[in-house]
Amino acid sequence: MRPTNRGGRAIVLAALTGVFAAPPLAAQEYQVDLNAERTVRFISRASIEEFDGVTDKIDGYVLIDGPALSADVGGDDTEIYLEVDLASIDTGIGLRNRHMRDNYLEVQRYPYASYRASIVRVTAGPGGAFRVDSRGAMTIHGVTRPVEIPCDVTPEARGYRARCSFQVLLTDYQIEIPSIMFLKLSNEIRLELDFAVAAVGGGGPQ
Amino acid sequence: MKRSIFLAVATAVVLVPLTVSGQDRPTRWQRRGQPTAIPVTVFHSTQSANLPTAETLAGGEWLFEISHRFGLIDSGTGGFYGLDGPVVNRFGLAFAPTDRLLIGVLRSNAFDNVELGAKARLFDSGGAVPVIVAVAGGIAWNTQAPEGDPGFEDNETQAYAQVILNALVGGRLAVGVVPSWVRNPDPFATTADNALAIGLNGQIYLSELVSLFGEWVISDEQAGLGHDTGSFGIELETGGHFFKLLVSNSQRMNPSQVLSGTSSPVAANQLRFGFNITRILTF
């Protein structure tokens, strides 16, 4: 009769359980640093008038599958969530702010624009900088659409600073613009984000 | 062996739930702060045809105004329905030091009336029926005396004060009540007097661009100014402009003048075309 080693099997089982059950190795969460400078700018270039809308009310987090950003980071274990408080957007004219809030963005019903995504690719650049490509879903005006956003990321003492630029079409989000002579809002809106994220729990790039 | 089995079970019991919760959401982030409060708005513009609304501007903004009141529509094709004139015009410039205060100057060619005025937003409340309460006041000088009327020259200064109560009903109908006091309503008189007036105004917003408005100013009867003032029109608003096209029985526009009454009744043969154009400016 062949001797059995039930104790050894149990240890192997425990080890395997530990391997598969453990969270991603050294996963690190970064949150938008509310003490650092933040800017979200949308730029409308209509035929009659050009204007910008600006706010610093951006918040959210980035979860990466490693202690710090590197070319190995990416995939389903990463997560990005960003949201912008739309009622805080300032276009420079109070009346136009109200038009943006009430007529176009309907902020009483949809107070936030949000982006939920994962990192697709991280490309290392010169000077410790990275190009981070993410893919996910943007929700504006209650409508969710797939979006890809590229960001240039540079390391900072507490985390990273991200500068992202991309374009959306208001009609994709069922934001209707009056098609008469008073049209001053472009359907094509360029969005520029500039914000810092700080490591949660003291981790980070340095 | 028993210890090994116990170790395996304990490992599974402890770590497997961690795995599940980790897949749900391993982040610690939670929303920090409430959404930005939306300012209360009732009337979109700072004025109706002649009455003030409780609306002010954003701090640091300027408001430029040009307004006209033409001759009688009843003049027909000969007077091009009043558009040939004579025309009373008004220029205005206002500045908002803060979101709740507006100060400005108005100049009309009706007796070359120059007014310095201010409006302060005292209270506002959102909810199902948004309400704003403001006060306004000013002092006016009629700097051009009619020929052969020396009494006017000695009695050219006027003043006024108003309480502005505005409410928004059903999201589209703005209504206002403006109890007013006027000092020296009749500058033709040799002595100054006091008078009361109540302004009533309403505006229905048909779309984000178009609205219809009306106002009625109930005035104490003065010599030669025995009628209330009524004005009705359409307003178009854009990102920085308000265009008001209207008819009115009053050719005078400045507050001290409108609150004192007008010389002709609201009747088909006494109406005039007019417009107000305002532009918000930032520097």
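The model is a predicted one. Chain B holds three helices and twelve strands, and of its 283 residues 37% count as buried. Where contacts in chain B link residues at least 6 apart in sequence, 56% of them join residues at least 24 apart.

**Backbone geometry in chain B**

- Most residues other than glycine have a negative phi, and most peptide bonds are trans.
- The peptide bond between Gly85(B) and Pro86(B) is cis, with omega at about 5°, and Pro86(B) belongs to the loop that runs between β1 (62–72) and β2 (88–98) of chain B.
- Tyr81(B), which is not a glycine, has a positive phi of about 55°, and this residue also sits in the loop between β1 and β2 of chain B.
- Tyr81(B) is classed as partly exposed because 16 other C-beta atoms lie within 10 Å, whereas a buried residue would need 20 or more.
- Asn184(B) is another residue other than glycine with a positive phi, here near 65°, and its place is the loop between β7 (173–183) and β8 (194–205) of chain B.
- Asn184(B) has 21 other C-beta atoms within 10 Å and is therefore buried, given that the cut-off for burial is 20 or more.

**Strand pairing around β1 of chain B**

- β1(B) and β2(B) run antiparallel and are joined by eight bridges; within this pairing, Phe64(B) stands opposite Leu93(B) of β2(B).
- β1(B) is also joined to strand β12 (residues 272–281) of chain B, through nine bridges and again in an antiparallel arrangement, and here Leu72(B) has Arg272(B) in β12(B) as its bridge partner.

**Nonpolar cores**

- The largest nonpolar core has 40 residues, and those with the most contacts inside it are Tyr115(A), Val153(A), Tyr160(A), Ala162(A) and Val197(A).
- Strand β10 (residues 188–199) of chain A supplies the largest share of this core, namely seven residues.
- Leaving aside residues up to four places away in sequence, Tyr115(A) touches Ile80(A), Leu82(A), Gly136(A), Met138(A), Val147(A) and Ile149(A).
- Another core, of 20 residues, lies apart from the largest one, and its members include Val88(B), Ile132(B), Ile164(B) and Val178(B).

Technical notes: Residues numbered from 1 in each chain as written. Chains lettered and ligands numbered in written order. Predicted model: local features only at pLDDT ≥ 70, side-chain atom pairs only at ≥ 80, totals over all residues. Helix = DSSP H or I, 4+ residues; strand = E, 2+ residues; numbered from the N terminus. Buried ≥ 20, exposed ≤ 12 C-beta atoms within 10 Å, placed from the backbone. Contact = placed C-beta atoms within 7 Å. Pairing = 2+ DSSP bridges. Core = buried A, V, L, I, M, F, W, Y, C linked by C-beta atoms within 7 Å.
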